[in-house]
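Dear colleague,

Here is the structure I said I would pass on. My notes on it follow below.

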Amino acid sequence: VPMVAPGNVQVHVINSTLAKVHWDPVPLKSVRGHLQGYKVYYWKVQGQSRRSRRHVEKKILTFRGNKTFGMLPGLEPYSSYKLNVRVVNGKGEGPASPDKVFKTPEGVPSSPSFLKITNPTLDSLTLEWGSPTHPNGILTSYTLKFQPINNTHELGPLVEIRIPANESSLILKNLNYSTRYKFYFNAQTSVGSGSQITEEAVTIMDE
């Protein structure tokens, strides 16, 4: 098997899900056989968010021939990773380069995990929601937009409310009685807004 690990491994983080890794080629004598390529092993150390999985899953990308760089796609935002590089010949892999640590920046969150509308009265509705399964960073706020829908399915004026990130429920007051409303709800990090979840609910007709 090859004798030497690739040297001077460098990682350039391009965005929250993509990084580029560079390395110096090993001397051809040290390959001790036919140079098939280089393998990059990489794995998530632990999310900087609190919900980190204990099990470490190593991923491997193979770059054929005498390439000295490669792209690592599909990374998780706001996470720490380690990687190393090994040279491959027909017999197997050489030793691993020293582990290199790199971090991905924040991304936009996934949609809130649920939006539930309860306790309809003449002029109010209660909203409850769950935080995104993948915050992909530090949540800064939620945005709620809602509008009435009349009997001919036309949409009325849109109202927008910003809600602090640590809230998980809200009582909407001063609504019209016996009216159907459509709600659009999403979460934000400092990078931007995540995808929204929609729901409809009706205030009651009379007590």
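Strands here are DSSP runs of E with at least two residues, and helices are runs of H or I with at least four; both are numbered from the N terminus. The model is predicted, so to speak of a local feature requires pLDDT of at least 70, side-chain atom pairs count only at pLDDT 80 or more, and totals for chains, interfaces and linings use all residues. Residues are numbered from 1 along each chain as its sequence is written, and side-chain values use heavy atoms, with hydrogens and water left out.

Positive phi

Most residues other than glycine have a negative phi. Tyr78 has a positive one, near 55 degrees. This residue lies in the loop between β5 (69–72) and β6 (79–89). Tyr78 is buried at 17% relative accessible area, where buried means under 20%, exposed over 50% and partly exposed in between, with a 1.4 Å probe and protein chains only. Asn8 also has a positive phi, near 50 degrees. Asn8 belongs to strand β1 (residues 7–15) and, at 44% relative accessibility, counts as partly exposed.

Aromatic pairs

Searching the whole structure gives nine aromatic pairs. Rings of Phe, Tyr and Trp (its six-membered ring) pair if their centres lie within 6.5 Å; planes under 30 degrees apart are stacked, over 60 edge-to-face, and the rest tilted. Tyr142 and Phe185 are stacked, because their ring centres are 5.2 Å apart and their planes are at 15 degrees. Tyr142 is in strand β10 (residues 141–149) and Phe185 in strand β13 (residues 180–189), so this pair ties together parts that are 43 residues apart in sequence. Both Tyr142 and Phe185 are buried.

Phe146 and Tyr181 make an edge-to-face pair, with 6.1 Å from centre to centre and 65 degrees between the planes. This pair links distant parts of the chain, since Phe146 is in β10 and Tyr181 in β13, 35 residues apart. Phe146 and Tyr181 are buried too. Elsewhere, ring pairs join Trp23, Tyr38 and Phe63 into a cluster.

Charges over rings

A charge sits over a ring if NZ of Lys or CZ of Arg is within 6 Å of the ring centre and within 35 degrees of the ring normal. Lys20 has its charged end over the ring of Phe69, 4.9 Å from the centre. Lys58 lies over the face of Trp43, 4.0 Å from the ring centre.

Strands β8 (residues 112–118) and β9 (residues 125–132) pair in the antiparallel sense over six bridges; pairing requires at least two DSSP bridges. Thr118 has Thr126 in β9 as its bridge partner.

Regards
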